[in-house]
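Me: I am new to reading protein models. Can you take me through one, feature by feature?
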Amino acid sequence: MKKYILLFISISLFTSCARVKETTYEKHLVFPSQASQEKKIEMISHLVPNKWQLDWQKMELTAFLHFGINTFTGNEWGDGKDDPKLFNPTQLNCEQWVKALKDAGFKMAILTAKHHDGFCLWQTQSTEYSVKNSPWKNGKGDVVRELRDACEKYGIKFGIYLSPWDRNAKTYGDSPAYNKLYIQQLTELLTNYGEIHEVWFDGACGEGENGRKQEYDWKAILKTIRDLQPQAVTAIMGDDVRWVGNESGLGRETEWSATLIAPGSYPDKKENNAQLGLNEMSKDLGSRALIEKAKEAYWYPSEVDVSIRPGWFYHSEEDEKVRSLSNLVDIYYQSVGRNSVLLLNIPPDTRGLLHENDVKRIKELSNYLSKTFSTNYLSKNHKTWKAQAGESKEFLVKKDATVNTILLQEDITKGQRVEEFLVEGFFNGKWQTLSQGTTIGYKRLMRFEDSKAEKIRITILSSRGEANIKNLGLYYAEKIEEKQ
Ligand code: FUL
């Protein structure tokens, strides 16, 4: 009997080892110099996100809160000379912000703890240019703390934007001195405010006094974050999350998370991007032609940052210019629906509240999305479909359903692979094309004309190896009637 048990254990061990054998590359890989194109495709198909990037991707919908001295001056970019006394919200209530965000389905709020003007929204030791010298709460207030507590209370994640460009700091442009100050600020924020899930810093780098050029110490900056808050993804000039390349809410039709573009905070990789002719705005970040020339690849997924209003900061004259529901729905399809996370900016006003018009609109968006995606018209739930290029599969549609939206998801824990796919519907006795797309990634949404298809057929036309289609859904999205 013992013998059989031992045999059983060894067989199970052997088969489970065989199952986990596939090599994956977390976040980064270097192609061997002599690797064939086939080998390179095989390797990049096994490039995967790390745990924190995966958690970040699953949030889908996140909020930006641009708030600071500009809220009170009407500027978009303050010059660092505005009097801190101008900062005086009359009814600041971070719980109102977070409750509205939570009710509308947002999973994280990112606050501009410091924008380019250098004004700090927390009780910092690093500068006098902060809430400490404002009349708000007699200089004792701390917006970072209030927002952090509200996020805790309502159960959403919290992130910070700490602008590297600082138009107030005297040391700006004296690189070592300013880097020290920046790291001090980062350390305060990452030490005193509990868990932080995203650190956002753009690459804006203006001139310091007398035309001095600031060289940021990205290596030390990233190390500080990893040491203090390892779960925080670093965005834009970080190396976890990539800027989509525009501020209008538009993800690429072909959006690769397993990409050839190196993060901007890797100065030693600049040459790789130059050799491939790549920057954040490039249309193609993952074609086979690029893979052929590339030396390295990165899991570097896209984040779409866009404001609900024309400006990033609140301006009362924009109260009637809040984006329409249909525009926001388009943005959702072009961001979350194109393998990206949406970072939608909703700027608090001079009272220190999210304006009624913005709150109403994000709630409408959430109602619309809930309604659209609550009924999946496929007649069965499907398990992961492992598909080779060229393979098709048919799926039955619930009787008499009208559909116009398809959702596809790859299991990105195995990599992002699909390069091209086709969706057809069977009605009036024949197959007709409903939609055709390129990448899928974490999530792809495609809209098509209303259809009464009885079944649909998906074909994986091309893929970096075997595709893992984890989820499929078929929905009906109502037309939006609105005057605006
Ligand atoms: C940009 C900034 O210059 C804008 O003011 C805004 O904060 C946007 C999100 O990032 O780089």
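Reply: Start where two domains touch: 15 residues of domain 1 are in contact with 16 residues of domain 2. Contact means heavy atoms within 4.5 Å. This is a predicted model; local features need pLDDT of at least 70, side-chain atom pairs count only at pLDDT 80 or more, and totals for chains, interfaces and linings use all residues. Residues are numbered from 1 along each chain as its sequence is written, and side-chain values use heavy atoms, with hydrogens and water left out.

Me: Where does each domain lie in the chain?
Reply: Domain bounds come from an automatic or database domain assignment. Here domain 1 covers 60-257 + 301-372, and domain 2 covers 385-475. Their centres, taken over C-alpha atoms, are 36 Å apart.

Me: How much area do domain 1 and domain 2 bury between them?
Reply: Buried area is the accessible area (1.4 Å probe) that two parts lose on being put together, summed over both. For this pair it is about 1,400 Å², with 48% on carbon and sulfur atoms. On the domain 1 side, Trp256, Tyr333 and Asn339 supply 45% of the area buried against domain 2, more than any other three residues.

Me: How many salt bridges cross the interface of domain 1 and domain 2?
Reply: Side chains of opposite charge can pair when their charged atoms come close. The rule asks for a side-chain nitrogen of Lys or Arg within 4 Å of a carboxyl oxygen of Asp or Glu. It finds 3 across this interface. Elsewhere in the model, look at aspartate 330 and arginine 447: their closest N and O atoms are 2.9 Å apart, a salt bridge. Helix α11 (residues 325-335) gives the most to the side of domain 1 that touches domain 2, with 4 residues. Helices (H or I, at least four residues) and strands (E, at least two) are DSSP runs, numbered from the N terminus.

Me: How many salt bridges does the whole structure have?
Reply: The search finds 35. Compare two of them. Lysine 223 meets aspartate 227 at 2.6 Å, N to O. Both lie in helix α8 (residues 218-228), 4 residues apart, about one turn of the helix. Lysine 455 pairs with glutamate 394 at 3.4 Å. That pair links distant parts of the chain: strand β20 (residues 455-463) and strand β15 (residues 392-396), 61 residues apart.

Me: Which residues are around the ligand?
Reply: A residue counts if one of its heavy atoms lies within 4 Å. Among them are Phe64, His66, Tyr161 and Glu247. Now check single atoms. A side-chain N or O atom of aspartate 202 is 2.6 Å from a ligand oxygen. For histidine 115 the value is 2.8 Å. A polar side-chain atom of tryptophan 77 lies 3.1 Å from a ligand oxygen.

Methods: A polar contact is a pair of N or O atoms within 3.5 Å; within protein, one must be able to donate a hydrogen and the other to accept it, and residues adjacent in sequence count only if both atoms are side-chain atoms.
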